[in-house]
Amino acid sequence: MDTFFLKQWFAHTSTPFIANAPMFGFADVNLATAVTKAHGFGFIGGGFDFKPESPQLQSLDKQLANARTILEVGEEETLPLGVGFITFQPSGFIANAIPILRKHRVAGIWLSFPRTDGDHLPLIQAIRKSQEESDWHTKVFVQVGTIRAAEEAIKQGVDVLVVQGTDAGGHQWAQGASLMSLLPEVRDILVKAGHQSIAVLAAGGIVDGRGCVAALGLGADGIVMGTRFVATSECPAPSAMKETIVSSSDGGVSTIKSTRHDVFQSTDVFPRQYDGRAVIGVNYEESERGVSDEEIIQRYNEASKAGEVQRRTVWGGASIGSINAVASVDDVIKYAQEETRAILERMRGVE
């Protein structure tokens, strides 16, 4: 496995390279720093609101300051973690988000879910300009779920392509493919175009070393896990949500891709080229039985006011059945890396 660039860029990481997805609301400073401490690459979910007085940006500023303390990193040093953003409403990102990222000298910036593929270009150009003006070393990650999106990101000069397959939990391209077919095609494009200095991370349905080995074989330099990190002790997700993930099986049946998951909890703000995979819960089941959206939304709001979480959408990937326990971040990363090495060693003996 060729992880030269990733190890060169992020010296604290170990092999194979593992990052957590920047899941807004779930990937907070505690989860991200735990991933970095375990020699993975931690990401904080920075959100999607870039207005000057955005509570999301205010929270991010505080979390990044806290991360520096937790990781015991000096003020002039690069902060060895990244921040991920949802970019379908990019207004204000350049003026309000980039200064926070530069101030804290984050090592990575992850962009995802633009309204059009070209929308990331001015953001990336502004990041590059800010780097040049302040001797700030950061890498730009862009999440892609189609060949067209990958080609556009390559043109824009990204450092890392995060190739997301449709087995992923949470938001993703509504029309796409699994990593099995998508990842090799992206790798082929990079090779043919001579862009082999761009690193490739695989995301979508990976929860352990077995998935990591498969991703490496398909052309990835490292992996991203989302659902697996939700079911960790450091993730701020409600315990009931973690228990749903741990107790679920047969992800192809127990989860489904749909925009309905957002409709039910009034978060249906993503452009229509995206949907999301989540566990089939009471809201979806009621909808299938003919209960109206309005009634389900009312029931959801009433449950939320009462402090109940059973109607909250549980985003989960198709490999959810292989997550059998809530574990520490350190254990998740160590086990995945050890399992990966053991499988690769065993494969070396196969003739």
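**Ground rules**

I number residues from 1 along each chain as the sequence is written. The model is predicted, so local features need pLDDT of at least 70 and side-chain atom pairs count only at pLDDT 80 or more, while totals for chains, interfaces and linings use all residues; side-chain values use heavy atoms, with hydrogens and water left out.

**Entry: the eight-stranded sheet**

I started with strands and helices, taken as DSSP runs numbered from the N terminus (helices are H or I with at least four residues, strands are E with at least two). Two strands count as paired if DSSP finds at least two bridges between them. On that basis I get an open sheet of eight strands, paired in parallel, in the order β1-β9-β8-β6-β5-β4-β3-β2. Its edge strands are β1 (17-20) and β2 (42-47), each pairing on one side only. Ignoring direction, neighbouring strands here are turned by 25° against each other on average. For angles, I use axes fitted as lines to C-alpha atoms (for helices, over the stretch in contact), and values run from 0 to 180 degrees between N-to-C directions.

I then looked at one pairing up close. Strand β5 (residues 139-144) runs parallel to β6 (residues 160-164), and four bridges join them. Which residue of β6 is the bridge partner of Gln143? Val162 is.

Helix α2 (residues 29-37) lies across β1, β2 and β3 (79-86), and runs at about 155° to β2. Helix α7 (residues 179-193) lies across β6 and β8 (199-203), at about 155° to β6.

**Entry: the three-stranded sheet**

I also found an open antiparallel sheet of three strands, ordered β7-β11-β10. Both β7 and β10 (255-258) are edge strands with a single partner, so each has one side left without a neighbour in the sheet. The twist averages 30° from one strand to the next. Between β7 and β11 (residues 274-279), which run antiparallel, I see four bridges. His171 stands opposite Gly276 in β11.

I get 25 residues of domain 1 in contact with 15 residues of domain 2.

How much area is buried between domain 1 and domain 2? About 1,800 Å², with carbon and sulfur atoms giving 63%. That is the accessible area (1.4 Å probe) the two parts lose on being put together, summed over both. Phe88, His171 and Ala174 supply 29% of what domain 1 buries against domain 2, more than any other three residues.

I checked for salt bridges, meaning a side-chain nitrogen of Lys or Arg within 4 Å of a carboxyl oxygen of Asp or Glu. Polar contacts do turn up: twelve residue pairs, both at pLDDT 80 or more. That term means N or O atoms within 3.5 Å; within protein, one must be able to donate a hydrogen and the other to accept it, and residues adjacent in sequence count only if both atoms are side-chain atoms. On the side of domain 1 that touches domain 2, β7 (170-173) and α9 (227-230) each supply at least two residues. The largest share of that side, four residues, comes from β7.

The salt-bridge count comes to 15. I looked up the one between Asp61 and Lys103, whose closest N and O atoms are 2.9 Å apart. Asp61 lies in α3 (residues 55-71) and Lys103 in α4 (residues 93-104), so the pair ties together parts 42 residues apart in sequence.

Most residues other than glycine have a negative phi, and most peptide bonds are trans. The bond from Thr15 to Pro16 is cis, with omega near -5°. Pro16 is in the loop between α1 (4-9) and β1. Arg105 has a positive phi, near 55°, and lies in the loop between α4 and β4 (106-112).

Terms used:
Contact means heavy atoms within 4.5 Å.
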